[in-house]
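Here is a short note to read beside the model. Keep the structure open and check each point as you go.

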Amino acid sequence: MAVDPARTFTPIRIALLTVSDTRDLASDTSGALLAERVTAAGHTLAARVIVKDDTGLIVDQLRQWIDHGLADAIITTGGTGLTGRDVTPEALDQLRIETSGKDIPGFGELFRWVSYQSIGTSTVQSRACAVLAGGVYVFALPGSNGAVKDGWDKILAEQLDSRNRPCNFVELMPRLRET
């Protein structure tokens with residue numbers, strides 16, 4: 001990370017959504033890892049919720065946070081694989097369409113490149129993705145602890161740090177709702 005010491009750190013509000021049919025707060029280790037990293041970086045943990053692998057439930061929770069202005073960014077973990085119950089990318093796509101948002105293809109591309117360094121060709125099974133919806137960044141990470149570490153430590157920690165150069169997601173926030 002190229003941190004510019006002349007720039008001031010701007011904490012943002014980050015909500016975390018774990019998508020799982022089997023996890024609860026006690027067994028959600030990837031959500032806990034992410035929550036620890038978000039707060040250790042100096043950001044505000046705006047909310048942390050677990051929902052079932054259901055497109056409607058995922059979209060409803062994300063819309064609630066977006067519509068109420070709860071978060072500047074949302075990170076989901078889980079539901080990005082290839083099985084029938086993995087529907088997080090479809091939920092983000094639906095949310096993007098409903099909000100006239102934008103796809104952020106570089107996030108998924110970079111995630112798979114980073115992940116390749118950790119797990120090799122198995123990364124092709126990941127459908128990690130990101131969208132801009134209602135002026136809020138929404139990033140979807142796989143549900144494993146390793147994927148959360150790769151996604152946060154090697155991408156999001158830098159891009160959600162206002163001091164990161166040459167550019168970062170935070171500096172764009174004031175302009176995200178422009179028409």
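1. **Terms for helix angles.** Angles under 35 degrees count as roughly parallel, over 145 as roughly antiparallel, 65 to 115 as roughly perpendicular, and the rest as oblique. Axes are lines fitted to C-alpha atoms, for helices over the stretch in contact, and the angles run from 0 to 180 degrees between N-to-C directions. Helices (H or I, at least four residues) and strands (E, at least two) are DSSP runs, numbered from the N terminus.

2. **Ground rules.** This is a predicted model, in which local features need pLDDT of at least 70 and side-chain atom pairs count only at pLDDT 80 or more, while totals for chains, interfaces and linings use all residues. Residues are numbered from 1 along each chain as its sequence is written, and side-chain values use heavy atoms, with hydrogens and water left out.

3. **α2 on α3.** Start with helix α2 (residues 55–67), which packs on α3 at an angle of about 45°, with the axes 9 Å apart. The two helices are therefore oblique to each other. α2 passes α3 in a right-handed crossing. (A crossing is left-handed if the near helix is turned anticlockwise from the far one by less than a right angle, and right-handed if clockwise.) On the α2 side, the contact uses T55, I58, V59, L62, R63 and I66. On the α3 side, it uses T88, E90, A91, L92, Q94, L95 and E98. Contact means heavy atoms within 4.5 Å. The residues of this α2 and α3 contact divide into seven nonpolar, three polar and three charged. Here Ala, Val, Leu, Ile, Met, Phe, Trp, Tyr, Cys and Pro count as nonpolar, Asp, Glu, Lys and Arg as charged, and the others, Gly among them, as polar.

4. **α1 on α5.** Now turn to helix α1 (residues 29–40) and helix α5 (residues 145–159). They pack at an angle of about 20°, and their axes are 9 Å apart. α1 and α5 are therefore roughly parallel to each other. α1 crosses α5 in a right-handed sense. From α1 come T29, S30, L33, L34, R37 and V38. They meet N145, V148, K149, W152 and D153 of α5. Five residues of this α1 and α5 contact are nonpolar, three are polar and three are charged.

5. **α4 on α5.** What angle do the axes of α4 and α5 make where they cross? It is roughly 120°, and the axes come within 10 Å. This crossing of α4 and α5 is right-handed. F107, L110, F111, V114, S115 and S118 of α4 meet A147, D150, G151, K154, I155 and L156 of α5. The residues of the α4 and α5 contact split into seven nonpolar, three polar and two charged.

6. **W152.** Is W152 buried or exposed? W152 counts as buried, at 3% relative accessibility. (Buried means under 20% relative accessible area, exposed over 50%, partly exposed in between, with a 1.4 Å probe and protein chains only.) W152 lies in helix α5. Leaving aside neighbours within four places in sequence, W152 contacts several residues, including I14, L34, H43, I75 and L160. The C-alpha atoms of W152 and F111 are separated by 9.8 Å, and these residues are 41 apart along the chain.

7. **Aromatic pairs.** Rings of Phe, Tyr and Trp (its six-membered ring) pair if their centres lie within 6.5 Å; planes under 30 degrees apart count as stacked, over 60 as edge-to-face and the rest as tilted. The count comes to four aromatic pairs. One of them joins F107 and F139, which are tilted, at 5.2 Å centre to centre and 55° between the planes. F107 lies in helix α4 (residues 105–119) and F139 in strand β6 (residues 136–141), so the pair ties together parts that are 32 residues apart in sequence. F107 is buried at 4% relative accessibility, and F139 is buried at 0%.

8. **The ring cluster.** The rings of Y137 and F169 have centres 4.6 Å apart and planes at 45°, so this pair is tilted. Y137 and F169 are both buried. Ring pairs link F107, Y137, F139 and F169 into a cluster.

9. **Two backbone points.** The peptide bond from R165 to P166 is cis, with omega near 15°. P166 sits in the segment after α5. S100 has a phi near 55°, a positive value in a residue other than glycine. S100 is in the loop between α3 (88–98) and β4 (102–103). With a relative accessible area of 68%, S100 is exposed.
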